[in-house]
Amino acid sequence: MIREDVKLFNFHASPFGQRVIWALKLKGVDYECIEEDIFNKSNLLLELNPVHKKVPVLVHRNKPIAESLVILEYIDETWKQYPLMPQNPYQRAHARFWANFAEQKLLVAARIARLSSGEEQGKAVNEAREAMEKIEEEIKGKKFFGGDKIGYLDIVIGWISYWIPVWEEVGSMKILDPLKFPAINAWITNFLSHPTINDTLPQRDKMVVYYHSRRKEVSPS
Amino acid sequence: MSMYIAKSRLSYIHTNIHRTQEIVCSQIQLFNMTPKILSKDICGRSWNTARCYILDPFVSLACRKTKSEVKLLGAWPSPFVMRARIALNIKSVSYEFLEETFQPKSPLLLDSNPVYKKVPVLINQDKPICESLIIVQYVDDVWSSGPSILPSEPYDRAIARFWATYLDDKWYPTLRSVRGAKGEDDRKKLITEVGEGLTLLEDALNKTSRGKDFFGGDQIGYLDIAFGCFLGWLRVTESLTGVKLLDQVKTPCLVKWAERFCAHGAVKDVMPQTEKLVEFAKMLMAKMAASTPN
């Protein structure tokens, strides 16, 4: 384990924070995790991320970095062991493209689906499934998005392996049908069976409680 | 061009002229080879010995041919297309600019960007790259012998990426929605938000420039490109609303930066004139009004 002054301000149920944890763990970087109360954010967090006031924030040598995708690239550029990004510029652009796609199209729709109901939820579920179809094509024939090893894109999309089933339960809806998305489901099995990925997952029951409370805020019925 | 042809045509020259080495490096990139691989395979000598290899005229011709295989599919009013053009200009890359027709969308656009069907699309040796900030980083990676676009330090790179993300996810969408605002109150609220964002960016400029002319320091860099491309549309919004957004009192450093950016060699020929953009915006708004039912 490499000992350096690395702190991660996170919230246990955050899929964004989880990306940072996976990256640090795969690289063997030691860090201190500071759990934020998402309903009562600390003054320190608000100072470290005044623009968005959100987790995760990585603090390395007293300098804060916010936004999980920005943090991932910083981690990869700072600690060279276990490279996450592909070496080839075209493949790097390709990985960034799909990371961006998954954020803009899948994550946004899945979030609406877990918070809404009725027609609005139906529309969001369809959009999420359409995005999932494109990701299914991307992973076909590969063990991981990164090839033989877990890479940047696996870490960025990794939340779907554990968060989507929780969101489906909370929202009483289905996005990730194993019959429709066999390649993604095979990837999920490979991804979750990696010890570094699996050992750091947050507790499911706590996550379910949290996401139920978020849903109740928006639609009290 | 295969590596085999490059190998058979290499001639060996004793020289330690830096410029020659730069030419060789950029030609090597056309073959998607790193200088290290080339030198090891072909001559077994390291670049540190200050000897370098120059490709003979036949291969040079092939290189020039390959260079024009860089195409950019774009549209003159698009700030995102401008980002790609500025990046290519910084690296002195010759490329063919293809103005997209849109009505209907061209087969090339639909083939090369089937996911979003949007410009810009950079096509390098028949491979398409989409999304403007991804294109800029790709250009920086591929033509690495030219001036750097991203900062060299990981922390500075993270800050540049953070603000570029902020611009795309928050600031520019707010600016765009000013034009479509429903009612004066809504418009005022959005204008205030745009102004607050500019205050944040003024602060970011002071921190990242370290007293120099640009976000990137002495030269324009990633964040200059990411933000500067929006100056045309910022001026359009000022013109249409009658409100000064980039203001000498609140954002004096940004005002000076904007002048320098627009006058920069890599920018001035690809920055559309504000009057043309205003006309274009009015045409778009008229179209939208015509298609919206009463």
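Reader: What makes strand 3 of chain A and strand 4 (residues 63-66) of chain A a pair?
Author: Two strands pair if DSSP finds at least two bridges between them. Strand 3 and strand 4 of chain A have four bridges, in the antiparallel sense, so they meet that definition. A:His60 has A:Lys63 as its bridge partner in strand 4.

Reader: What do these values rest on?
Author: The model is predicted: local features need pLDDT of at least 70 and side-chain atom pairs count only at pLDDT 80 or more, while totals for chains, interfaces and linings use all residues. Residues are numbered from 1 along each chain as its sequence is written, chains are lettered from A and ligands numbered from 1 in the order in which they are written, and side-chain values use heavy atoms, with hydrogens and water left out.

Reader: What else pairs with strand 3 of chain A, and in which sense?
Author: Strand 1 (residues 6-10) of chain A does, antiparallel and over four bridges. A:Leu8 is bridged to A:Leu58 there. Strands are DSSP runs of E with at least two residues, helices are runs of H or I with at least four, and both are numbered from the N terminus.

Reader: Why is strand 3 (residues 57-60) of chain A called covered on both faces?
Author: A:Val57 and A:Val59 on one side are buried, as are A:Leu58 and A:His60 on the other. Buried means under 20% relative accessible area, exposed over 50%, and partly exposed in between (1.4 Å probe, protein chains only). In a regular strand the side chains alternate between the two faces of the sheet.

Reader: What marks A:Arg61 in the hairpin of strand 3 and strand 4 of chain A?
Author: A:Arg61 has a positive phi near 50 degrees, and the hairpin has two residues between its strands.

Reader: Why does B:Arg210 count as exposed rather than buried?
Author: B:Arg210 has 59% relative accessibility, so it counts as exposed. Its phi is also positive, near 55 degrees, in a residue other than glycine. B:Arg210 belongs to the loop between helix 9 (184-209) and helix 10 (222-228) of chain B.

Reader: How do you know that the peptide bond from A:Val55 to A:Pro56 is cis?
Author: Its omega is near 0 degrees. A:Pro56 is in the loop between helix 2 (43-48) and strand 3 of chain A. Chain B has a cis bond joining B:Gln103 and B:Pro104, with omega about 0 degrees.

Reader: What makes B:Arg161 and A:Glu73 a salt bridge?
Author: A salt bridge is a side-chain nitrogen of Lys or Arg within 4 Å of a carboxyl oxygen of Asp or Glu. The two side chains meet at 3.3 Å, N to O, so the pair qualifies. The count between chain A and chain B is four salt bridges.

Reader: How is the interface between chain A and chain B described?
Author: The area buried is about 2200 Å², with carbon and sulfur atoms giving 68%. Buried area is the accessible area (1.4 Å probe) that two parts lose on being put together, summed over both. In contact terms (heavy atoms within 4.5 Å), 25 residues of chain A meet 24 residues of chain B.

Reader: Which residues touch the most other members of the largest nonpolar core?
Author: They are A:Ile184, A:Trp187, B:Ile86, B:Trp171, B:Trp257 and B:Phe261, in a core of 163 residues. Helix 8 (residues 154-179) of chain B gives the most to this core, with 13 residues. A nonpolar core is a set of buried Ala, Val, Leu, Ile, Met, Phe, Trp, Tyr and Cys residues joined through side-chain atoms within 4.5 Å.
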